[in-house]
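Me: I would like to go through this structure by question and answer.

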Amino acid sequence: MDVPANHGSSPGADASSASRASLQTVLGVGCTLVMCGVALVPTVRILCAGTSESVRLTWDLFHGAFCIGIDPLSAFFLLPILGLSALAAIYGGNYLLAYRDKKSLGSTWFFFNLFVAGMISVVIARTAFLFLVAWEVMSLSAYFLVTFEHEKAEVRRAGWIYLVATHLGVAFIFAAFVLLGRRAGSLEFDVIQDMPATDSVTAGVVFVLATIGFGAKAGFVPFHVWLPEAHPAAPSHVSALMSGVMIKMGIYGLVRIVTFMGPPAPWWGLTLGALGLLTALVGISLALHQRDMKRVLAYSSIENMGLIGLALGIGLWGWANRLPTVAVLGMTAALLHVWNHGLMKCLMFFAAGSVLHGTGTADMEKQGGLMKRMPWTASALIVGAVAIASLPPLNGFVSKWLIYSSLLRCNSSSTGASGLAPLLTIGLLALIGGLAAIAFVRLTGVVLLGSPRSKAAELAHESSAWMLGPMAILAGLCVTAALIPRVVTGQMRHVLDQVLGTEASRSLLRLETSDTPLQIVGVINAWTIVAFVAATFLLIARSRKPTRKDAPTWGCGYVKPTVRMQYTGRSFAETISEHLLPRFLRPRIGGQLPRGLFPAESRFTAECPDPVSDRVYEPFFGRWAERFARLRVLQQGKIHVYLVYIAVVVVLALAWVSIRGLWGTA
Amino acid sequence: MNTIIHDSVHVVLAFSLPPLLLGVIAKTKALFAGRVGPPLLQPYYDLFKLFQKGSVYSTTTTWVFRAGAVVGFVSAGIAVLLIPLSGSAAPISFTGDLILFAYLLGLGRFFTASAALDTGSAFEGMGAAREVTFACLAEPAFFLGLLVLAKLSGSLQLSGMLGSSLATHWANAGDSLALVLLSWFIVLLAENSRIPFDDPNTHLELTMIHEVMVLDHGGPAFGMILYGAALKLFVFGALVVRLAVPMTVGSAWLDWPIFVAGLLVVAVVIGVVESTMARLRLTRVPVLLVAACLLSAFAIILLVR
């Protein structure tokens, strides 16, 4: 995605269009802020009090009345929607001004507000019909936001993939609700919830349908293919919101459906956990060799959704096996990571958008040296990177710690060979952590550090305070959440009550009072930060002028080192992504290497399309498209042929009806 | 009162011994080569001198470059407080501290590698890439080894896992523990960039992983890095010693000397390995690390079979 590099007042733009653009921006941002502000009041109240409230109108909507409500689970997911949407609106207001000469901002703000409203409606809908309508509003308005720069072919392609994926997913969700509604006789959530325990086969089928349907939204492998396309195509504040909030709606839907069906079967937890682990491994492996910054972030979102899925799977497994500690730890880890990932992924997309804004390109290999040119954005990106690589002392570590803890408890409560699975999962989780560290050292190192690799990076400029402010708030929240992890997880008590039952939440209380490792993690995080500050002062005190000198980087004896000698993003990950990853996940290397004594033309290309869409979906759908193309014989474009079809169909229908009539009388 | 004395001994040992290990390794190597070698306390003199020196900063660098030295040192310094040195608990000990331990070392690595990239030098970028790549393979091996101990002791604290109860497990699960010991020794060599992974003696093209990342550091910052690296060596050495010699006599006056003696033996063994082996070809390094992972995985399988 290219942004016009100079967004200052261009002399050609006439005053009236500029004032219209600012009016549209003020209205659009204002609407979002008002909407979020109003909704924040009941959300916070219900999250703290643990009550629930609902509104029911006597308006019959397809097997159920119009009913909306907020319970702790809704409130839990509402909070990030509201907070992050407000920040994204403030950020986006300034971000989109760069486009004011080329685009009408009114329509994009209309869809932005519709998108936020759609997400809010998804979590407050209390009947399946309303839920599906809200789901579609959310998905479709996101489509229009993704295709903001629809004049570009790759953006249209991304939008198309997103649209197809989201609608395939919705079909499964629809089927799950139909199955539930048929048994309950109503599509209202309250009725479905109060229904006596569903038989295990139906419940299993509903769970599988929901996992596929909501997994397509959440980005579980192999349904993730839309994410790496849509996130880079969308404007950055929209990518942030999609990645930080919208994909979490998949998790919300899954948790909501699970609460309908009472205690789960153990295999649900195992399936979800395995799917989550696969998603995390594939996501982070593919993040290693992407060139587009926002694609790296998109794959990292897939990884993190995988981690949430894994934690949720552990929680379900513990619930099914009546191990309240495992259930509570797993669920808390999943929920905490929903919040944490929202914070850090929004932060990173904001920072990436700011880099895009400042340099005009998202290509990592054209960046470099931005820490000197846009220090605030760059520092925010580093905070986000440390958080998302789940390193202490930031919030990502706290949720990773909880996931590890739940797995360790899983292990201590299982015996024999079945204890092997959690242990090997921990080994793989350590591998995921190591890969994430590579991916994010690479991202920050290549984009922010070293010398600029292109003219665009050399001329980069820092963004305005409207864009930096939201980043600063998010970075501050990432630190705060890491310092007071127990306060944060304490807010989840009512959610756990609602999902797991009060027995489980008592065990959370026990976990909090008997030993308080979470508290200790927070304290150590704080002391780590204090130690950093102290050591920094020590170092600064020891290396003051006049004993301090500045000199160029040592070229290791090379007389004329150039910036092109720096390690590139590709070379940084070469060992791991081109030699150690499974062949399926490696980038595609091609070109013509220099040959012979007098080499002529030589080229080198490295492509990294998503392997699942490239090697599975595209051949599959391509083959079916070919087969269906044969049916075009029927489509002659001649009216009399169509009339013949109609006549044939009518005759066949009549024949069917009369045969059935005969059957009935016989 | 007892714990206060114990904790202060822990802190004093943990922060004073690490450079000595470097000295012992250097002396061992010198003896093998038939040289006299530098004095045992040379690393202390080096550190002292570095902290007196002025510093030169590259004009390409930013705060990340300085943070590399600080974070590497601080994270190793906190990690050392998490591991038990003799039979009794470490100063900081809580359920799940093993995860904090591993990720603190990861944090140090993140910033050391970022600092290397901050210089914009091709060599240091290369070192950073290798460091993070190899660490990513060493981490699962280390974690799986920890899990063996967690499974045996039923504890989720490093102090419980490496406590004196470990001695009884050598009798009934000696095969698993021996595999873990081997795997951790490989991890120790890899994490501290010793031969056969890397040759820490040279500062240029021959040293391709850790030392190459710190080419542009000088003065106090370089001192911090060296000290942090020594701390890391101490941390992994201590883990190996606890695993190999878990028995305690019961009296702190004897347990501490036993631990220190064990640590010095580990340093000598590293010196012997460095004197008798050549550096592996770079493409063989991942093979050895994967082997370490598999050793730990086998240890687990032996345990749960």
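Me: What ipTM does the model score?
Reply: This is a predicted model. Its pTM is 0.93. The ipTM is 0.95.

Me: Which helix of chain A has the lowest mean pLDDT?
Reply: Chain A averages a pLDDT of 89, and 94% of its residues score at least 70. Over residues 1-13 of chain A, pLDDT stays under 50. Among the elements of chain A, the highest mean, 96, belongs to helix α15 (residues 375-388), and the lowest, 62, to helix α22 (residues 502-513).

Me: Which helix supplies the largest share of the side of chain B that touches chain A?
Reply: The contact takes 66 residues from chain A and 67 residues from chain B. Elements of chain B that each supply at least two residues include β1 (55-58), α5 (97-118) and α6 (122-153). By class, this side of chain B has 44 nonpolar, 17 polar and six charged residues. The largest share, 17 residues, comes from α6(B).

Me: Is B:E139 buried or exposed?
Reply: B:E139 is found in helix α6 of chain B. Leaving aside neighbours within four places in sequence, B:E139 is in contact with A:A430, A:L431, A:G433, A:G434 and B:A102. A residue with 20 or more other C-beta atoms within 10 Å counts as buried. B:E139 has 28 such atoms, so B:E139 is buried.

Me: How are α2(A) and α10(A) oriented, roughly parallel or roughly antiparallel?
Reply: The axes of helix α2 (residues 72-95) and helix α10 (residues 248-260) of chain A come within 11 Å and cross at roughly 180°. Angles over 145 degrees count as roughly antiparallel. Therefore α2(A) is roughly antiparallel to α10(A).

Me: Which residues of α10(A) meet α2(A)?
Reply: The residues of this contact divide into five nonpolar, no polar and two charged. From α2(A) come A:L73, A:F77 and A:P80. In α10(A) they meet A:K248, A:Y252, A:V255 and A:R256.

Me: How far apart are the end C-alpha atoms of helix α23 of chain A?
Reply: Helix α23 (residues 517-542) of chain A has 26 residues. At 1.5 Å a residue, the helix should span 38 Å. The separation of its end C-alpha atoms agrees with that, at 37 Å.

Me: Is A:R322 buried or exposed?
Reply: The place of A:R322 is in the loop between α12 (293-320) and α13 (324-359) of chain A. Its phi is near 55°, a positive value in a residue other than glycine. A:R322 has 10, so A:R322 is exposed.

Me: Is A:S390 buried or exposed?
Reply: A:S390 lies in the loop between α15 and α16 (395-412) of chain A. Phi of A:S390 is near 50°, positive in a residue other than glycine. Because 31 other C-beta atoms lie within 10 Å, A:S390 is buried.

Me: Where does B:P196 lie?
Reply: The peptide bond from B:I195 to B:P196 is cis, with omega near 10°. B:P196 lies in the loop of chain B between α9 (174-191) and α10 (210-213).

Conventions
Residues are numbered from 1 along each chain as its sequence is written. Chains are lettered from A and ligands numbered from 1 in the order in which they are written. This is a predicted model: local features need pLDDT of at least 70, side-chain atom pairs count only at pLDDT 80 or more; totals for chains, interfaces and linings use all residues. Axes are lines fitted to C-alpha atoms, for helices over the stretch in contact, and angles run from 0 to 180 degrees between N-to-C directions. Helices (H or I, at least four residues) and strands (E, at least two) are DSSP runs, numbered from the N terminus. Angles under 35 degrees count as roughly parallel, over 145 as roughly antiparallel, 65 to 115 as roughly perpendicular and the rest as oblique. Two residues are in contact if their C-beta atoms, placed from the backbone, lie within 7 Å. Ala, Val, Leu, Ile, Met, Phe, Trp, Tyr, Cys and Pro count as nonpolar, Asp, Glu, Lys and Arg as charged, and the others, Gly among them, as polar. The expected span of a helix is 1.5 Å times one less than its number of residues. A residue is buried if 20 or more other C-beta atoms lie within 10 Å of its own, exposed if 12 or fewer, and partly exposed in between; C-beta atoms are placed from the backbone. pLDDT is the predictor's confidence in each residue, from 0 to 100.
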